[in-house]
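Me: I am new to this structure and would like a close look at one part of it. Please take a single strand and follow what surrounds it.

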2 protein chains.
Amino acid sequence: MTLGELGEFALIERITAGLGASGPVVLGVGDDCAVLRLAGDLAVSTDTMVEDVHFRRDWSSAHDVGRKAVASCVADAEAMGAVPIGLVVSLAAPPSTPAEWAEQFAAGVREECANAGVQLVGGDTTSAAQIVITATVLADLGGLAPLTRGGARPGQVLAMAGRLGWAAAGVAVLGRGFRSPRAVVVAHRVPEPPYGQGREAAEAGASALIDVSDGLLADLGHIARASGVVLDVDTSALEVAEPQKAVAAAIGGGDPLVFQLTGGDDHALVGAFEPDRVPAGWRVIGRVLTGDPQVLVDGKPWDGPSAGWQHFSP
Amino acid sequence: MTLGELGEFALIERITAGLGASGPVVLGVGDDCAVLRLAGDLAVSTDTMVEDVHFRRDWSSAHDVGRKAVASCVADAEAMGAVPIGLVVSLAAPPSTPAEWAEQFAAGVREECANAGVQLVGGDTTSAAQIVITATVLADLGGLAPLTRGGARPGQVLAMAGRLGWAAAGVAVLGRGFRSPRAVVVAHRVPEPPYGQGREAAEAGASALIDVSDGLLADLGHIARASGVVLDVDTSALEVAEPQKAVAAAIGGGDPLVFQLTGGDDHALVGAFEPDRVPAGWRVIGRVLTGDPQVLVDGKPWDGPSAGWQHFSP
């Protein structure tokens with residue numbers, strides 16, 4: 001059965017079946033708006049994923065895509081030091097899409113919402129030529145100030161939670177027609193942001209935080225410019241995993257550090273901390289220095305492949 | 001110049017130039033999240049518009065599309081009795097789209113945000129095969145309970161603010177290749193929700209409220225079912241405007257009441273009030289009765305053309 005045969009209202013019924021409202025959610029799906037009760041200020045961010053731009057149906061299952069839509073969006077709330085509580089998701093899809101795809105997508109959304117501790121509180125469905133998914137996260141700052149990109153101060157250390165370079169290694173092998181090493185392929189399909197660690201950082205007094213979606217150097221560049229500081233990454237502190245080395249070796253003798261420094265989409269959190277207040281489980285990977293805003297790698301500008309990803313580019 | 005030539009970051013820079021943060025907006029665009037300070041509970045809703053499904057580039061200017069994306073989304077917050085304060089907007093568009101289109105779209109978004117009293121606080125841009133826009137509104141209930149669809153009680157009256165049937169009449173003429181009467185064509189391009197009237201209704205003690213996006217009968221059906229009541233619409237109280245009569249007469253002797261009763265997309269507000277507490281400027285259009293949930297027209301079931309609009313349908 002296709003979405004066209006199922007119809008919009010039946011799809012919504014299937015997607016939302018059994019969804020309730022508890023804790024901070026005063027009113028869940030089914031009315032003009034959902035209603036949430038927050039203890040502090042609201043942090044909000046929106047994120048769009050497009051078929052054949054951000055995912056391919058032959059590389060990722062519908063369940064994977066649903067999980068990724070939630071994970072990549074919630075990571076932005078983690079990056080403010082907020083507690084994510086609610087999510088709304090819009091699904092635009094061709095009428096020819098199998099209804100099964102939409103249901104598996106919804107199951108993935110709901111599974112990752114549970115992983116992230118957020119409730120699915122609303123959404124929209126409509127037809128389109130291509131699958132386009134937009135998720136918006138609602139998060140509670142609960143009395144703390146937001147961790148912006150502008151708060152890094154010389155003398156602090158850079159520390160990170162989560163992992164780097166896995167999804168990029170996955171895209172590298174998938175793009176060459178391989179399906180292994182499986183760990184990096186899975187990492188491309190479903191990122192694993194370090195849920196809860198954004199709040200840990202805020203409570204530990206971090207003064208700047210970002211999630212790594214475009215690549216470590218690109219995203220640290222945002223902190224460097226917004227804070228007016230130099231950030232120096234110590235590559236000996238980065239954890240290059242075996243599958244990344246294997247992929248780098250297999251693909252033209254590449255340097256696995258490129259994945260670590262320029263690969264996006266793993267949604268690690270990285271921020272600036274006082275040296276004696278780095279939370280347990282966070283890895284110190286560099287220092288905040290004075291000077292014209294820039295990001296250094298082992299004290300020098302990075303001259304490897306460029307980091308980051310621009311949409312609309314040829 | 002196309003979006004592909006301009007690039008994603010340059011587009012974002014143009015769209016967000018000069019945007020600030022004031023009042024309830026603690027932090028505007030430019031970080032991982034925006035931050036808003038609310039006095040009461042948060043009401044949130046998301047709305048997606050797709051090219052050639054919800055709008056056509058040959059029928060509506062980019063500026064119109066931007067305004068409509070804001071208006072149709074903000075109307076959902078009005079329909080909860082909340083004060084809309086912030087909006088995030090995602091724009092997916094083909095790289096071949098003229099950069100001018102995106103800039104005019106953004107100008108329309110910003111103009112309608114000003115009309116609605118909300119601030120644009122964030123968004124996302126990406127490439128796609130087709131233009132897909134998702135807006136999410138953030139609104140403040142400020143100490144009042146949300147006006148759901150489930151609060152209508154027998155003995156109350158139905159009252160509405162805003163207008164009905166204009167956009168549907170506009171689609172009827174555009175679909176037949178005409179561009180007049182201009183008033184209805186303009187109404188299709190840019191709805192005019194009665195901004196601020198949702199809050200007026202809440203303060204007047206309304207107990208149920210909805211915005212008319214699918215058609216009066218379809219949307220009253222939601223209230224009837226959620227409240228477990230009969231709603232009886234008095235057609236003599238509806239205001240059929242001259243352009244609607246002209247369109248109905250020109251197109252096969254149609255009844256202009258069909259536009260009023262089944263036409264969506266004008267985003268009037270309609271709700272249930274105590275008879276002596278209908279706010280100034282609201283029009284009483286019917287009554288709330290006991291009985292098996294249904295919507296009546298002048299005491300009888302409606303047997304004209306069916307109301308509502310389902311996506312994915314053939």
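Reply: Strand β3 of chain B is mostly covered, with 9 of its 9 residues buried. This is a predicted model, and what follows describes that model. The side chains of the strand point two ways: L42(B), V44(B), T46(B), T48(B) and V50(B) go one way, while A43(B), S45(B), D47(B) and M49(B) go the other, and all are buried. Buried here means under 20% relative accessible area.

Within its own chain, β3(B) runs antiparallel to strand β6 (residues 132-140) of chain B, and 9 bridges join the two. One of the positions can be named: D47(B) has A135(B) as its bridge partner in β6(B).

The strand also pairs across to the other chain. Strand β2 (residues 34-36) of chain A is joined to β3(B) by 3 bridges, and these strands run antiparallel. In that pairing, A43(B) of β3(B) has V35(A) opposite.

In it, 64 residues of chain B are in contact with 64 residues of chain A. The two chains bury about 5000 Å² between them, and 59% of that area is on carbon and sulfur atoms. The count of salt bridges between chain B and chain A is 6. In one of them, the side chains of R149(A) and D32(B) meet at 3.0 Å, N to O. On the side of chain B that touches chain A, the largest share, 8 residues, comes from strand β3 (residues 42-50) of chain B. By type, the residues on that side of chain B are 35 nonpolar, 19 polar and 10 charged.

D52(B) lies in the loop between β3 and α3 (62-78) of chain B. D52(B) is not a glycine, yet has a positive phi of about 70°. For comparison, most residues other than glycine have a negative phi. With a relative accessible area of 57%, D52(B) is exposed, whereas the residues of β3(B) are buried. A second residue of this kind is D265(B), also not a glycine, with a positive phi of about 75°. D265(B) is placed in the loop between α10 and β10 (269-273) of chain B. Its relative accessible area is 34%, so D265(B) is partly exposed.

For another covered element in chain B, take helix α5 (residues 166-175), where 8 of the 10 residues are buried. Among the buried residues are W166(B), G170(B) and L174(B). The cover over the buried residues of α5(B) includes α6 (182-189), α9 (242-250) and α10 (256-262) of chain B. Just after the helix, G177(B) takes a positive phi of about 90°. Further on, in the loop between α5 and α6 of chain B, is P181(B). The peptide bond joining S180(B) and P181(B) is cis, with omega about 5°. In chain A, the bond from S180(A) to P181(A) is likewise cis, with omega near 5°, and P181(A) is in the loop between α5 (166-175) and α6 (182-189) of chain A.

Definitions and conventions:
Residues are numbered from 1 along each chain as its sequence is written. Chains are lettered from A and ligands numbered from 1 in the order in which they are written. This is a predicted model: local features need pLDDT of at least 70, side-chain atom pairs count only at pLDDT 80 or more; totals for chains, interfaces and linings use all residues. Side-chain values use heavy atoms; hydrogens and water are left out. Contact means heavy atoms within 4.5 Å. Buried area is the accessible area (1.4 Å probe) that two parts lose on being put together, summed over both. A salt bridge is a side-chain nitrogen of Lys or Arg within 4 Å of a carboxyl oxygen of Asp or Glu. Helices (H or I, at least four residues) and strands (E, at least two) are DSSP runs, numbered from the N terminus. Ala, Val, Leu, Ile, Met, Phe, Trp, Tyr, Cys and Pro count as nonpolar, Asp, Glu, Lys and Arg as charged, and the others, Gly among them, as polar. Buried means under 20% relative accessible area, exposed over 50%, partly exposed in between (1.4 Å probe, protein chains only). Two strands pair if DSSP finds at least two bridges between them.
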